[in-house]
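Trainee: May we go through this structure together? I would like to ask about it piece by piece.

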Amino acid sequence: MNKPLRRASVFCLALILALMGWATWIQGAKASDFMGDPHNPRVAIGKYAAPLGNILVDGEPVTGSAATPSTLTYKRTYKDGPLYAPVTGFTSQIFGSNQLESLYGDLLDGSDGRLQSPADAVLHRRAKGGDVATTIDAAVQKAGYRALGDKKGAAVALDPKTGRILGMVSTPSYDPGKFAGSATADQQGWQAMAKDADQPNVNRALRQALPPGSTFKLVVAAAALENGLYSSVDEPTDSPDPYTLPHTRTTLRNENASAPCKNATLRTALQYSCNTVFAKIAAQLGQDKVAAQAEKFGFNDGKVDVPVRAAKSVYPKDMDSAQTALSGIGQFNDQATPLQMAMVASAIADGGELKSPQLVDKLTDGGGNTVQQYGPKTYRDGRAVSAHTAAQLRSAMQTVVDKGTGSGAKIGGLTVGGKTGTAQHGVDNSGTPYAWFVSYAQNGAGRQVAVAVMVEDGHAARNEVSGNGLAAPVARAMMKAALS
């Protein structure tokens with residue numbers, strides 16, 4: 001063989017060996033990557049080849065599967081889709097999935113290794129899909145959804161003893177069943193939702209942090225008691241009315257000019273929602289002490305997973321004294337989700353103990369056998385405030401409902417405490433204020449529930465927006481449903 005021919009032969013052999021090596025690497029080392037790649041049509045074909053497992057509320061499925069004439073044999077269906085969309089999320093043949101549908105996708109479609117029997121493993125067969133049992137109480141969910149109605153807002157109800165999420169409502173909502181398949185109508189359903197200016201796809205209960213307004217005064221009151229600034233909620237605060245923000249000429253006044261806010265006790269200041277008292281306390285404590293208390297309730301934690309991750313609620317840093325004062329009334333750059341404010345109420349209700357919020361009770365296989373059980377977990381070190389501080393705040397919150405700005409939350413036969421909030425937003429407060437209500441209720445048997453409601457737009461005139469008028473009735477409906 002002459003030299004040029006030999007070189008060509010060696011080169012061709014090297015190419016063949018390289019091709020064989022590449023094919024072996026693709027089919028071996030990279031096989032699992034390609035098998036799981038969402039762009040691989042076999043992934044979707046496998047996922048929708050059989051009915052999916054279900055998401056359960058009160059032990060009953062709120063999801064299902066329906067046969068289709070397409071290559072993807074089944075598509076997801078939803079019972080009361082708009083009611084439970086903030087809980088379930090969606091799963092679509094075209095547009096993917098989110099929330100519980102995404103987080104537990106492997107369990108629901110049967111590809112989770114924990115579901116496989118020995119026969120499934122040997123035959124490389126996908127197991128029957130498992131179920132996700134939620135902590136949602138259908139009565140609480142429905143009560144919140146009905147009460148919010150056509151308002152834009154959200155509400156969260158927690159069991160303070162366990163952290164179980166009993167209700168999680170976001171309005172306006174959407175029907176995930178309208179774009180679950182691959183037909184033209186499904187694509188149009190997705191486009192309609194995506195173009196909706198009200199953003200029904202946003203889970204406002206978990207994913208939208210807004211100024212909490214006067215509901216944040218509970219955090220400041222907790223910081224004042226925990227740091228020994230006052231021994232009880234009935235001790236006078238030595239607060240001026242009006243109050244001049246530190247190192248400025250800006251005067252802060254109260255919404256109700258006739259309210260007895262000068263030198264008011266914490267009880268009276270919460271009852272009348274005195275801006276002057278809490279701005280002065282926040283400035284006196286300083287941002288570090290207020291921040292430390294806020295963080296014990298969950299602020300500034302970017303990893304609150306229920307297991308869906310909540311947006312981070314923020315108590316700002318690097319503020320001057322005037323900004324710290326404004327932060328004390330839930331303004332400046334304070335941001336909170338309804339879940340976060342429900343956590344504040346939950347800790348106060350449960351004697352200062354804070355449980356991590358959880359949306360999932362257990363996972364089961366296709367035969368109903370438990371794969372994983374979730375129990376109560378303490379949040380961080382478990383204690384947000386002392387038992388004494390919690391008792392003081394509960395008492396003051398009861399005064400807010402019995403004699404103050406939270407009368408719309410009264411429920412006969414139950415002990416109810418709350419705090420209203422009306423948060424400004426927009427340049428020079430040009431936007432419609434947000435209405436908040438944070439509360440807890442307890443029945444004679446000691447059962448409790450904590451609720452936070454935010455109404456972003458209640459279609460009310462600006463001067464008619466209030467936490468008591470718009471948000472408190474929603475909280476009342478959910479608390480009554482939880483403890484009835």
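Trainee: Is Asp361 buried or exposed?

Mentor: Asp361 is buried, with a relative accessible area of 17%. Buried means under 20% relative accessible area, exposed over 50%, and partly exposed in between, with a 1.4 Å probe and protein chains only. Please keep in mind that this is a predicted model, in which local features need pLDDT of at least 70, side-chain atom pairs count only at pLDDT 80 or more, and totals for chains, interfaces and linings use all residues. Residues are numbered from 1 along each chain as its sequence is written, and side-chain values use heavy atoms, with hydrogens and water left out.

Trainee: Which residue forms a salt bridge with Asp361?

Mentor: Arg164 does, and the closest N and O atoms are 3.1 Å apart. A salt bridge here is a side-chain nitrogen of Lys or Arg within 4 Å of a carboxyl oxygen of Asp or Glu.

Trainee: Where do Asp361 and Arg164 lie?

Mentor: Asp361 lies in strand 13 (residues 360-364), and Arg164 in the loop between strand 8 (152-158) and strand 9 (165-171), so the pair ties together parts that are 197 residues apart in sequence. Helices (H or I, at least four residues) and strands (E, at least two) are DSSP runs, numbered from the N terminus. Arg164 counts as partly exposed, at 25% relative accessibility.

Trainee: How many salt bridges does the count come to?

Mentor: The count by this rule is 13 salt bridges. One of them joins Arg380 and Asp301 at 3.5 Å, N to O. That pair links distant parts of the chain, with Arg380 in strand 15 (residues 378-383) and Asp301 in the loop between helix 14 (287-297) and helix 15 (321-327), 79 residues apart. Arg380 is partly exposed at 48% relative accessible area, whereas Asp301 is buried at 12%.

Trainee: Which residues are joined into one network?

Mentor: Lys47, Asp109 and Arg126 are, through salt bridges that share partners. Separately, Asp112 forms a salt bridge with Arg114, the closest N and O atoms being 2.9 Å apart. Asp112 counts as buried at 13% relative accessibility, while Arg114 is partly exposed with 44%.

Trainee: Turning to the backbone, which peptide bonds are cis?

Mentor: One joins Thr171 and Pro172, with omega about -5 degrees, and another runs from Asp241 to Pro242, with omega near 5 degrees. Pro172 is in the loop between strand 9 and helix 9 (184-195). Pro242 is in the loop between helix 11 (217-226) and strand 10 (243-244).

Trainee: What is the phi of Asp238?

Mentor: Asp238 has a positive phi of about 55 degrees, although it is not a glycine. Most residues other than glycine have a negative phi, and most peptide bonds are trans. Asp238 is placed in the loop between helix 11 and strand 10, and Asp238 is exposed, with a relative accessible area of 59%. Asn263 likewise has a positive phi, about 60 degrees, and is not a glycine. Asn263 lies in the loop between strand 11 (251-252) and helix 12 (266-272).

Trainee: And the chain overall: how many helices and strands are there?

Mentor: The protein chain has 18 helices and 18 strands. Its C-alpha trace spans about 105 × 60 × 40 Å along the principal axes. Of its 484 residues, 51% count as buried.
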